[in-house]
Amino acid sequence: MSSYQSGQPSTVIYQADPAVVQQLHGVRESLHLSCKPYLNHKVNVQTIDGQIHEGTLAGMDNKHLYLMIPAATELGRGYYNPYYNPYPGPGYPYPGPVHNNVILPLVLFELLAISLI
């Protein structure tokens, strides 16, 4: 984190309400407890903005839920897949198997619903 010293006292422009912080910690804990048994299961995830993503629950950390989604095209639905091979064949450009999945990180606090499919 960078800091800038101007010689003037800092002015707080936003500070989260402690009750909101406590609520968000509870939401995070609830998500972890609810989703942990369903790692590697296919799910639908809806965000608070109304976006719906379908994929496999690949993991979670303190801030993100990681959803593995198929990269159906070269662009992978807009997500970059560094292992996509547009020229399948031995030795070009990747000699091994090609995986056409990408990991989509979703912010935990923006999730509205997660359901099994």
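Which element does L24 lie in? Select L24 and you will find it in helix 1; helices (H or I, at least four residues) and strands (E, at least two) are DSSP runs, numbered from the N terminus. Before going on, note that this is a predicted model, where local features need pLDDT of at least 70 and side-chain atom pairs count only at pLDDT 80 or more, while totals for chains, interfaces and linings use all residues. Residues are numbered from 1 along each chain as its sequence is written, and side-chain values use heavy atoms, with hydrogens and water left out.

**Stop 1: the whole chain**

Show the protein chain as a cartoon. There are one helix and five strands, running α-β-β-β-β-β from the N terminus on. Now colour by pLDDT, the predictor's confidence in each residue, from 0 to 100. The chain averages 80, and 69% of the residues score at least 70. Over residues 73–77 the pLDDT is below 50, and beyond near neighbours in sequence this stretch has seven contacts in the model; contact means heavy atoms within 4.5 Å. Of the contacts with a separation of 6 or more, 56% are between residues 24 or more positions apart.

**Stop 2: the surface**

Select V20, L24, V27, V107 and F109 to see a nonpolar patch of about 340 Å². Patches are made of residues with over 30% relative accessible area and no salt bridge, joining like charges within 9 Å and nonpolar side chains (Val, Leu, Ile, Met, Phe, Trp, Tyr) within 5 Å. A salt bridge here is a side-chain nitrogen of Lys or Arg within 4 Å of a carboxyl oxygen of Asp or Glu. Helix 1 gives the most to this patch, with three residues. L24 itself counts as partly exposed because its relative accessible area is 34%; buried means under 20%, exposed over 50%, and partly exposed in between (1.4 Å probe, protein chains only).

**Stop 3**

Buried residues make up 20% of the 117 residues in the chain. The largest nonpolar core has 14 residues, and C35, V45, L65, L67, L106 and L111 are those with the most contacts inside it. Helix 1 (18–35), strand 1 (42–47), strand 2 (52–60), strand 3 (64–70) and strand 4 (101–107) each give two or more residues to this core. Such a core is a set of buried Ala, Val, Leu, Ile, Met, Phe, Trp, Tyr and Cys residues joined through side-chain atoms within 4.5 Å. Centre on L106: leaving out residues up to four places away in sequence, L106 touches V45, H53, K63, H64, L65, L67 and L111.

**Stop 4**

Is T47 buried or exposed? T47, in strand 1, is buried because its relative accessible area is 5%. Beyond four places in sequence, its contacts are H53, E110, L111 and L112. Next select T56 in strand 2, buried at 16%.

**Stop 5: a loop lysine**

Finish at K63, in the loop between strand 2 and strand 3. K63 counts as exposed because its relative accessibility is 58%. Past four places in sequence, K63 touches L106, V107 and L108. Draw a distance from the C-alpha of K63 to that of P105: they are 42 residues apart along the chain and separated by 9.3 Å.

Definitions and conventions
Areas by Shrake-Rupley, 256 points an atom, 1.4 Å probe, with all protein chains shown as cover.
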